[in-house]
Every structure is written in C-alpha cells, then in structure tokens.
Amino acid sequence: MRLGRLLLCLFACAIAAAQPSVAAGSRHRERVPLNTGWGVRQLPDDGMVASQSSVPPTLEGGWFPATVPGDVHLDLLKSGKIPDPFYRDDEAKLQWIEKARWEYKTSIDATEATLAREHVELVFEGLDTACTIFLNGQRIASPDSMFQEWRFDVKSKLHAGSNDLQIVFPAPMKAAEAVAGKDPWLSRTHTDPKGYIRKAVYEFGWDWGPRFGTSGVYRPAYLEVWDSARVKDVFVEQEGVTTSAAHLDVHADVLASKETKANVSISYGLGGKEIQADRAVTLAPGSNRISFPVEIAHPQLWYPSGYGAQPIYHFHISVKEDGHELDDKNAKTGLRSVILRRELDKWGRSFEFIVNGIPVFAKGAAVIPFDSFPSRVTSEKYRRILQSAKDANMNMVRLWGGGYYETEEFYDQCDELGLMVWHDLMFGNNWQPGTYDFKQNIEREAEYQMTRLRNHPSIVLWSGNNETEELREWNGNGDLPAKVHEHIWEDYLTEFSGILARTAARVDPQTPYWPSSPSADYEELSDAYQSGDNHDWSVWHGNADFEEFEKRPWRFVSEYGFQSFPEMKTIESFTLPGDRTSIFTPVMKAHQKNGDGNRLIQEYMKRYFGEPKDFPSFLYASQVLQAEGIKVGAESFRRKRPETMGSLFWQLNDCWPVASWSSVDYFGRWKALQYYARRFYAPVLVSPHVEGGTLALYIVSDKTAVIDGTLHLRIMDFSGHVVKETTQRVKIDPLASKIYQQIPLVELSGSNTPDWSGLVGVADLVADGNKMSTNLVYFVPSKQIKLPQATIATDISQAGDGYDVTLSSAALARSVSVSFGELDPQYSDNYLDLLPGEKKTIHVTSKASLADLKSQIEVMSLVDAFSSPAAAR
Ligand code: BMA
C-alpha cells in the first residue's frame with residue numbers, strides 16, 4: 001500500500017478516534033468539530049481554478065499534517081518545510097506558496113445518530129478564500145469570501161462511517177483574475193483583480209506588512225445537526241437607553257424546517273438569570289422572529305474607558321418542543337446609547353461621538369491584523385495589545401479596513417475594557433468591482449458580520465471602507481475617461497452609500513454608519529467649513545514638520561502617524577549581527593515596507609535631533625522622535641476641543657517585526673510612543689504651548705465634573721535653577737479645553753537676554769494632592785536645545801512582583817529609557833523626562849534576580865544617543 005494512501009488511512013483512523021459524535025436520541029442542536037485529522041498537499045498547477053473543476057484531484061501522495069483553524073504557511077512551517085517567514089529576508093523566498101494550488105483533506109465519521117438527525121449541515125466559519133469543497137468526491141460549493149460563514153446541507157451526501165472531505169484552494173490571484181475576467185468593465189476600469197475575491201488585502205503586502213497570500217480553513221469548521229428548529233441569532237435591540245430606563249427588544253431569530261408548536265423562553269439580567277419569561281408560539285417553516293420587549297429600570301450603563309464601568313447584561317433564549325429543548329443560545333451586551341453627532345457650528349459640521357449623552361473625545365489608534373497569519377492570534381495577544389491601549393488612556397480603536405473581521409475574543413475584550421471600536425468594513429484603498437455578483441456578495445458579508453457583531457457595546461460605528469472615497473481625488477483615476485470614472489463612482493455610491501448603508505440600518509439600526517474613512521459624506525469642504533473625519537498625512541507622507549499638525553482645522557483625526565524602529569530585542573528576533581550594522585542593510589530594509597521609510601526616519605532625525613552615534617542609539621532615538629512628533633499632533637487636537645473631537649493615530653500594533661508607525665511592536669513591547677500616549681491621552685492634560693509670543697497653559701479635561709486644582713509653572717535651566725515660578729488655583733471645566741494661564745514670553749526668562757536654548761518650562765497640575773498631569777515645554781526648535789550630558793543614578797530595590805528602579809540626575813535628562821539587556825520585563829513607565837534633582841521610580845515586573853537586573857540595566861537619555869551634546873542639537 002503506497003505511503004500516501006497509508007498516511008491517509010492513518011489520518012482517517014485518528015479521526016474516527018478523535019471526532020466527538022452526536023448523542024443518540026438527543027433532539028438538541030449539536031456541533032461536531034472538524035478540527036482533527038487534516039492533511040494538506042500541494043497540487044500541480046493545472047492552469048484551472050477550482051470553480052471550474054467539478055471533480056476532486058485524484059493524484060496520490062504528497063500529504064503532510066495540517067491544522068484547522070490554520071493556513072498553509074503555518075502548516076509548512078510546522079512540518080519544517082519552510083523557515084520562519086518573518087526571519088531575515090525569507091519573505092521573498094516564500095512567494096511560491098501563494099502561487100501554488102493547495103488541497104486540504106480530512107474525513108468525517110458520520111454515526112447513525114448523526115444521520116438520524118433531521119438536518120446535518122457542514123459549516124465553515126472562515127475559508128481563506130476562493131476554493132472548491134468536495135464531499136465523497138461530490139462538488140459541494142465554491143466559496144469566494146473569507147468574510148462569510150459557509151453552511152451546506154450535507155445529510156444526503158453523507159453515509160455512515162468515514163466520509164472524505166476535500167477542499168481545493170487555487171492560487172489566490174488566479175482565482176481573483178478568473179472572476180475579474182468575467183467583468184465586462186474590467187478593461188476600462190482597470191480595477192485591481194484581487195478585489196474580486198473577498199480576501200484580506202493586507203495578505204498581499206502593505207506599507208507595514210509582508211506579502212503572505214495564504215490559503216486555508218482559518219476559522220472553525222464543524223458539522224451542525226438539529227431537528228425542527230434552531231436559533232440563528234439573538235439580537236438585543238436597544239430602542240432607548242438612559243440612566244433611568246432601558247427599553248430593549250430581545251429578538252430571537254429562529255429557523256424552522258416545518259410548522260412547529262414551540263415554547264420560547266427568555267431569561268436575562270446582569271447575572272443572566274434574574275428575569276424569566278416564555279411564550280408559546282407556532283413557528284412557520286423558514287425564519288421566525290420572536291421578540292421579547294424588556295424594560296430595565298435604572299440600568300447599569302456601559303461606558304467608554306474613563307467615563308464609567310462596563311457592566312455586561314446576559315440573555316438566554318431556549319426553544320422547546322413537547323418539553324424537549326431543540327436549541328438554546330446566549331447573548332450578552334452592554335446597555336448604552338451612541339450617537340454620531342454631526343451638527344452645524346462655527347467651524348462647519350461637527351463629528352463627535354455622544355455616548356450616554358456625554359460628548360466623548362475619542363482618544364486612540366488604528367488596529368491592524370495582529371499577525372500575518374490570522375489563525376495563530378491568541379487571546380493572550382489580544383489581551384496584551386488591547387490592555388496596552390486601555391493602559392495608555394485610549395478609549396477608541398479603529399479596526400482598519402484592509403484586514404479581516406476579528407474574532408469574538410477581540411470584541412469581548414473591547415467590551416470589557418471600554419474600548420470603543422470604529423469598525424471599518426473590510427475594503428481597503430481600492431476601487432471595488434461593480435458587478436452584480438460582487439454587490440450581492442458584499443451585502444451577504446455585511447449582513448453576516450453585522451448580525452454576528454451587533455450586540456457588542458464597544459462597536460460605535462460601521463465605516464464603509466478605508467480611503468476608497470479619497471481615491472476619487474488621487475490614484476490616477478482622474479485620467480480615466482469621464483464615462484468610466486462616472487461608472488466607477490456610481491458603483492462606489494451604490495455600494496458604500498447604498499447597499500452597505502442600508503444593510504447597517506436594517507441589521508444594526510442603533511449603530512451609526514459612515515460611508516468611508518476619511519469622508520465628509522460628500523460635503524464640499526474649505527478651510528472655513530470642515531466636516532467629517534480626516535487622515536492627516538502632511539507629516540511623514542507629506543514630509544512636513546510636526547508643527548504642521550497644529551495648523552489643521554480637522555473635526556476628527558482618524559489617521560496621522562510617524563514611523564520608528566522596534567527595540568533591539570525585537571530586531572534581534574529576525575536579524576543576524578551583520579544585519580544590525582546599519583538601518584540600511586538588506587535585512588533591515590526587508591523589514592521596512594514603506595519604500596524609502598528608513599531614509600525618511602533618518603531625514604527627520606537630522607531635522608529634529610541630529611545623527612545618532614550608532615545602530616542601537618538610532619533605534620532608541622527613532623522611537624523618541626516618533627513619540628515627540630505624535631505628541632505635537634495629539635496635544636494640538638485635544639487643545640482644539642470641541643472643534644476637534646477625535647485623535648486616532650496610525651497605528652497601535654504590528655502584524656510582524658518591522659519598522660512601522662506602531663506604538664506597540666509585534667511582540668507587544670511598548671515603544672516610546674505608547675508611554676507618551678498614556679501622558680498625552682491622560683484624562684486631564686496640562687498642555688503648555690508657545691503661541692503668539694506667549695506661553696499659554698491649556699488644560700484639557702475629559703472629566704464630567706468640575707475639578708479644583710493647582711496649576712504650577714516653573715521656568716528652569718537644565719541644572720534646575722528656577723528663573724520664574726507661578727502657582728494658580730484653577731477650576732477646571734468638565735469636557736472642555738481652555739487656556740487657564742497665559743504669560744508673555746518676555747516675562748518668563750527673568751533676563752533681558754534670555755538663552756531660550758537652555759531653558760525648559762515645567763507645568764504641573766495637582767488636584768486632591770495628586771499630580772494629574774505634568775508637561776514640559778521648550779522655547780526653541782528641538783535641534784537648538786542645548787541638552788547637557790546627564791549622569792543618571794539608578795537604585796534598584798525589590799518591590800511587589802518585581803523591582804522599583806529609582807532614577808535621578810543632577811541635570812535635565814530627556815526621554816530616559818531603562819532596559820535590561822536579554823531580560824524582557826514589563827515597565828510601569830519609561831521614556832520619561834528627569835528634572836534636575838527630582839527622583840522618578842519605574843516599577844519593573846520581572847522574575848529575574850536583583851543581581852541579574854543590576855548587571856544588565858541600561859539607561860539611555862536623548863543626549864546619550866548622539867556622539868556629543870552638540871550632535872544632539
Ligand atoms: C493610511 C492607512 C494605511 C497605511 C497608512 C500608512 O493609508 O489607511 O493604509 O498603512 O496610511 O501609510
């Protein structure tokens with residue numbers, strides 16, 4: 001018996017053993033996971049795409065183990081057939097995988113009990129992407145979207161015992177081109193063929209991500225059996241929610257295969273069981289909606305982080321026939337009201353999220369896929385990144401439109417952490433096809449995803465796409481013949497302001513819909529009239545100075561950014577020593593996906609700081625540069641409240657180890673920007689700003705109540721000599737930004753010929769004895785600041801689950817970073833400014849010994865990164 005067939009039998013036996021079976025005599029809906037015994041092999045390129053072949057491949061052998069959920073890159077890696085795709089420049093060597101055809105195979109052990117059930121359905125929650133499914137050699141279907149559930153009635157195609165399930169994945173681009181080829185407009189619109197299959201576009205490479213066009217069963221697969229009726233969905237529609245009452249409609253969508261006399265019961269509450277009700281119904285064949293009106297007096301409301309708690313109410317629906325439970329389903333949600341307020345005002349039309357009646361200034365960042373290989377993202381990874389967002393005082397993340405719809409785990413954590421989700425639909429930076437099939441496909445996708453996700457209180461906006469409306473102005477579309485351009489635009493409007501907007505209104509009426517990011521909903525804009533959200537790429541892509549952010553009249557900034565390198569430990573994960581001699585080595589450039597990005601970082605470095613003395617210093621200084629740049633933007637946008645009501649910088653996370661705009665790297669290590677974000681997104685921020693020959697001390701408060709505090713200003717030189725000091729009692733307005741003190745510069749220096757390059761302003765805001773915010777301001781451009789050499793003393797002592805590292809310096813030390821060589825602890829803070837003579841303590845969570853920490857501690861401040869103080873200027 002040839003090896004291939006032997007391997008297959010081995011798989012089959014393993015399956016029979018492993019596959020749980022349907023309980024005999026049960027009438028309850030059941031699932032039989034299909035996540036064991038999978039094999040995968042490469043198929044010869046037959047030049048055909050799967051949808052054209054109605055018979056499964058018959059050739060022998062070539063199988064190796066596969067994991068479901070998973071994908072072919074990870075299966076090849078696990079079988080040692082390829083090196084780590086992220087290592088050095090191996091990405092380029094692995095492009096053959098995307099160009100190959102792959103076949104996945106397992107067998108389904110169908111028991112008598114399974115086949116005795118009225119309905120036996122084969123369900124795939126996520127197939128990446130275009131493929132053909134065969135069961136016992138029979139073609140079942142040819143899915144073409146990774147964003148929909150695929151469910152097939154297979155009862156008649158199964159027989160008792162072992163059944164062969166095969167899935168053939170053609171090369172993704174081949175499949176896409178085959179579909180594109182059928183579009184009569186393609187030759188005129190030149191629409192990118194990859195848009196014709198609904199696959200996460202980042203897999204084809206992005207300006208922060210590698211190209212790994214993978215294939216596989218990337219979400220759970222199972223058999224689902226049921227009788228008479230099953231609960232498709234439970235939707236908790238929030239008709240009206242205030243602090244005094246919540247008016248809900250709990251809809252149970254029940255699919256019945258025949259007329260069924262049933263009893264539907266509901267129980268709900270914070271604990272899920274407090275209140276019960278039930279009703280006798282006659283289910284008609286097909287989909288039935290049974291709705292329970294629910295009134296909750298003085299509900300506990302769900303608030304974004306920083307405004308309150310995130311209580312979750314639980315709901316349970318059960319459907320019984322003759323006392324037998326046919327199916328039951330849980331649902332949970334947080335009670336809140338969300339409005340996207342867009343009202344005319346002196347700046348144009350506002351763009352603000354009103355949650356439970358509170359105008360919330362959105363503070364956050366964009367989230368991209370957590371890994372190049374979606375199926376291997378763990379809940380720990382979600383936790384590390386999303387908890388990092390909350391710990392940095394963020395209250396919103398924007399799920400960017402070039403990735404994929406996330407797992408329940410992601411949204412559950414956002415619900416729990418109070419992170420609002422601006423949810424792009426998965427359309428990124430490309431004109432989309434306008435074919436009838438495509439429009440049907442995306443409507444099904446939106447219906448499925450919005451139904452799946454609508455109970456998550458964290459989702460506060462559905463946004464049609466990323467930067468596709470914006471394409472109208474650039475990307476050469478202007479060169480297309482007017483008729484073609486008009487046709488593309490008509491399709492765009494039909495899809496993003498028609499089909500998807502209507503689907504959102506029908507499926508999730510309480511969540512606002514926005515056609516695109518950025519967009520002004522097609523309003524004419526001018527400097528005097530601003531509306532909608534903006535992607536401000538004047539800095540970085542526009543090569544402008546950071547100060548450019550301060551000139552912007554935006555209503556809501558949903559993207560702006562600057563790049564940096566990750567820290568040495570992350571760089572070491574994909575390089576050899578020889579790769580780490582310069583940021584321009586081939587391997588370092590292979591981990592920079594934004595073209596000449598490394599040169600742009602260097603150019604800004606010279607513009608603001610100078611040339612770092614070596615490779616490690618460049619890494620460090622790039623992070624400080626990024627953090628200082630984004631700080632200018634974030635503080636300016638917050639000072640502009642209520643004209644500006646949102647700041648979401650690009651980007652929070654990485655999908656692999658890379659130089660990028662992220663603030664937290666692929667391994668979850670915080671960059672300087674994340675520590676800065678915690679400060680510039682603080683609930684109450686003192687933001688000193690030099691403007692109009694004065695120093696204006698703004699205080700921005702996201703608090704809902706007035707705060708009594710003390711504003712303390714010291715102007716000092718870099719050895720701590722204070723030349724001017726003021727203290728002022730302040731009553732801080734809630735939910736507002738205001739100047740609380742403004743002093744002409746001439747009054748600040750305490751000298752007629754001040755050397756501003758040697759002075760710093762320190763603003764402290766204290767309330768109830770706590771320092772709410774501290775911020776420094778310089779009076780000359782960064783490059784002219786005469787930073788002194790600073791000797792930083794460290795004292796490490798055991799404390800709690802780690803150590804306290806206390807830092808002090810006789811001279812001002814900017815952006816002091818503490819690290820510990822090979823050790824990889826977590827830090828309560830880092831990249832902080834040390835004022836002369838003032839101690840600062842960082843708590844380090846680590847299991848290492850005190851001796852290890854003492855021997856490996858490394859402290860660097862900005863001046864140290866440059867060969868001499870002058871160089872830091
Ligand atoms: C915007 C984003 C992303 C991109 C980023 C940086 O375009 O929407 O597509 O990665 O800028 O260039």
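Predicted model: local features only at pLDDT ≥ 70, side-chain atom pairs only at ≥ 80, totals over all residues.

Reader: Why are α9 and α10 called roughly parallel to each other?

Author: Helix α9 (residues 436-453) and helix α10 (residues 482-507) pack at an angle of about 30°. Angles under 35 degrees count as roughly parallel, and α9 and α10 are therefore given that label. Their axes lie 10 Å apart, and the crossing is right-handed.

Reader: What makes the contact of α9 with α10, and how do its residues divide by class?

Author: Contact means heavy atoms within 4.5 Å. On the α9 side the residues include Phe438, Ile442, Ala446 and Met450; on the α10 side they include Asp491, Ile499, Leu500 and Val507. The contact of α9 with α10 divides into 8 nonpolar, 3 polar and 6 charged residues.

Reader: Why is α14 called roughly parallel to α15?

Author: The angle between helix α14 (residues 615-639) and helix α15 (residues 672-680) is about 25°, with the axes 8 Å apart. The limit for the label is under 35 degrees, so α14 is roughly parallel to α15. The crossing of α14 and α15 is right-handed.

Reader: Which residues of α14 and α15 meet?

Author: From α15 they are Ala672, Leu673, Tyr676 and Phe680. Those of α14 include Val624, Ala627, Ile630, Lys631 and Ala634. By class, the contact of α14 with α15 has 8 nonpolar, 2 polar and 4 charged residues.

Reader: What makes a space in this structure a cavity, and how many are found?

Author: A cavity is a set of points where a 1.4 Å probe fits but cannot get out. A search of the whole structure finds 3 cavities of 30 Å³ or more. About 100 Å³ of space lies in the largest cavity. Its lining has 16 residues, and the closest to its centre are Arg198, Lys199, Val201, Met426 and Gly428.

Reader: What lines the second largest cavity?

Author: The second largest cavity, with a volume of about 80 Å³, is lined by 13 residues. Closest to its centre are Gln238, Arg336, Arg454, Asp508 and Gln510. Strand β15 (residues 229-241) gives the largest share of this lining, 3 residues. By class, the lining of the second largest cavity divides into 3 nonpolar, 7 polar and 3 charged residues.

Technical notes: Residues numbered from 1 in each chain as written. Heavy atoms only, no water. Axes fitted to C-alpha atoms, helices over the stretch in contact; angles between N-to-C directions. Helix = DSSP H or I, 4+ residues; strand = E, 2+ residues; numbered from the N terminus. Parallel < 35°, antiparallel > 145°, perpendicular 65-115°, else oblique. Left-handed = near helix turned anticlockwise from the far one by under 90°. Nonpolar A, V, L, I, M, F, W, Y, C, P; charged D, E, K, R; others polar. 1 Å grid on protein atoms, 1.4 Å probe; cavity = no way out; pocket = protein on both sides within 12 Å on 5 of 7 lines; lining within 4 Å. Points joined across faces, edges and corners; volume = space filled by probe spheres on them.
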